[in-house]
Amino acid sequence: MPFIQRVKNYIHQPYEHPGEGKLVRKLDFFILTFCCLMYFTNYLDRSNLANAYVSGMKEELDFVGNEYNLINTVFTVGYIIGQVPSNLALYHLKPRIFFPSMMVIWGALTMVTAAAKTPQHIMAIRFFQGIAESSTFVGTHYILGSWYTGRELGKRSGIFTSSGLAGTMFGGFLQTAINSSLDGARGMAGWRWLFIIDGLITIPIAIYGLFLFPDTPSTTSAFYLTPAERALAISRVPEVPERRPWNLAFVKRVFTSWYWYGFVMLWIIAGETESFSSNSLLAIYMKSTKKYSIPQLNNYPTGVPAVGIVSTLFWATLTDFLGGKRYLVGYWIGITGIVTAAMILNPEASVSSIFGAYYWAGSVYACQATFFAWANDAMRFEEDSLRAVVIASMNCGSNAVNAWWSLLFYSANFAPKFTKGMWAMIGTSIALAIWTTGLLYMTARTEKKRLLEAEIQVVDDKNYEAGVVGDGKV
C-alpha cells in the first residue's frame, strides 16, 4: 500500500462493520473523557506535593534531610499495595462504581493534607492516598484494552497518559496563581490552599463517571449504547475462554506465563528511566541553587511534562501507524537516558544545558502509553483475568523498586548534581534496550505460533467438513 494511502487510512480509519465508526466515537466521548479527567486529577493531586514543597511547605513544616523522599516512598508503598487488588476489583465490580469511589477517597485525602502540621502527618495521609490512586492507571489500561482494537489502542493510551502529564503541568501554574491570590487568606499559606482546591476539582468528575461511564462490553448498561452497539462492542475484541481467578490454578497460570515476567520486568526498568521527571529533579535542582523565585520554581519545571505530552502523543500515534511497533520507544528511551545523564554529569555543564537535559528527559514519558499498549496487544488472545493481573503487576513491580530506588539515587539532599542517579540512569537505559530486544523476540515468536495453530485449525475444520460431506454421499 502506498505511504500516502496508509496515512489517509490511519487518519480516516475505515471500519469493517456498519455503525462501528459511530460506536467508537461514543466510546471516545464517554470513556476517554472520564478516564482522562480522572487521570488529570490523579496526577494533579499527586504532583502537588512537589509544588507545595518548593512553595513554602518545606520551611513551614521544618522538613529535614530526605523527608520529602520518604513521603514519596510511603505513597509508593500504598500505591503498590493497591495495584493488583484494584485491577481484580474491576473484574468483579462495576467500574462506574469503583472508579468514582476511589476518586472521592483520594480527593478527600488531598484536602485533608491542607491541615498537616508535620511531615509525618503527610506521610500517613499519602499512604492511604496511594492506595486509592493506584486504581486509575492500570485500571484504565485494562478498560481500554477491553473496548478498543489493536489499531485503535496506542493513540487512546497516548491521549490518556498525556492527560496525567497535563495534570502535572497544570499543577505548577495553579500553585503560582494560588500563591499570588490566596497566600495568607483565612490565615493559611498558599500551598495549603493548593491541596484544598485540587481535592475539590476531583468531586464533580467522580459524579460524571458514576452516571456515564459504560463499564466493560459484556457488562455495560449504558443508556447511550443500543443493543446492536453492545453486541458489536463484544464482537470487536477476541472471544477468549474465561476461567475463574482466585484459585491456585490461576496463580500457577500467572507465574508460569512468560507475559508476567517479560512485561513486569520491562516496566520495572522503564519506570526507573522516568526517574528524572517522576522525582521532580529539575524543581529540586532549582530549589537547591537558591536563585529562583516561587513562581519560577513552579513554572519552569512545567516544561518537562509539556515535552512528555508531545512525545507521548507522537510515539503512540507513530507506533499505531506502523502497525503496533511499540518496541521502538524502548530504543529511543535508551538513547535519551544515556545522553541526558551524560549532559548533567559533565563538570563543565552550563545552566542552559542542564535545563535542556531535564526537558529532553521528559520525552521518556512516552513509554507509559506505548508499553502498556504493547502488553494489551500481546495478550489480546489471552483470558481477561491474566491480562488484568499482568498489567497491574507491571505498575506494582515498578513502584516496588521505585520505593527504594529514589531514596538510593535521587534523594533531595543529593542535589544539585545527583551524581549516583545519573550513573543509575545510564545503567537502566542500557538494560532497557537489551530487555526490549528480548521481549520483541518473545512476542514475535508467540504470535507466529498462534497464527500457525490457527492455520492448522482451519485445515482440520475443512478436512472434517469434507469427511462429513463424503460420508453423506455414501
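User: In this predicted model, which side chain meets that of Arg236 in a salt bridge?

Analyst: The model is a predicted one. The partner of Arg236 lies in a distant part of the chain, 216 residues apart, in helix H2 (residues 20-60). Arg236 itself is in the loop between helix H8 (227-235) and helix H9 (248-255). With 2.7 Å from N to O, the salt bridge is made with Glu20.

User: Which residues are linked with Glu20 in a network of salt bridges?

Analyst: Glu20 is buried, as is Arg236. The network that holds Glu20 also includes Arg236 and Glu152.

User: How are helices H5 and H6 oriented to each other, roughly parallel or roughly antiparallel?

Analyst: The axes of H5 (residues 119-147) and H6 (residues 150-181) come within 11 Å and cross at roughly 155°. Angles over 145 degrees count as roughly antiparallel, so the orientation of H5 to H6 is roughly antiparallel.

User: How many charged residues does the contact of H5 with H6 have?

Analyst: On the H5 side the contact includes Phe137 and His141, and on the H6 side Arg156 and Phe160 are among the residues. By class, the contact has four nonpolar and six polar residues, and the number of charged residues is one.

Conventions
Residues numbered from 1 in each chain as written. Predicted model: local features only at pLDDT ≥ 70, side-chain atom pairs only at ≥ 80, totals over all residues. Heavy atoms only, no water. Axes fitted to C-alpha atoms, helices over the stretch in contact; angles between N-to-C directions. Helix = DSSP H or I, 4+ residues; strand = E, 2+ residues; numbered from the N terminus. Parallel < 35°, antiparallel > 145°, perpendicular 65-115°, else oblique. Contact = heavy atoms within 4.5 Å. Nonpolar A, V, L, I, M, F, W, Y, C, P; charged D, E, K, R; others polar. Salt bridge = Lys/Arg side-chain N within 4 Å of Asp/Glu carboxyl O. Buried < 20%, exposed > 50% of the residue type's maximum accessible area, 1.4 Å probe, protein only.
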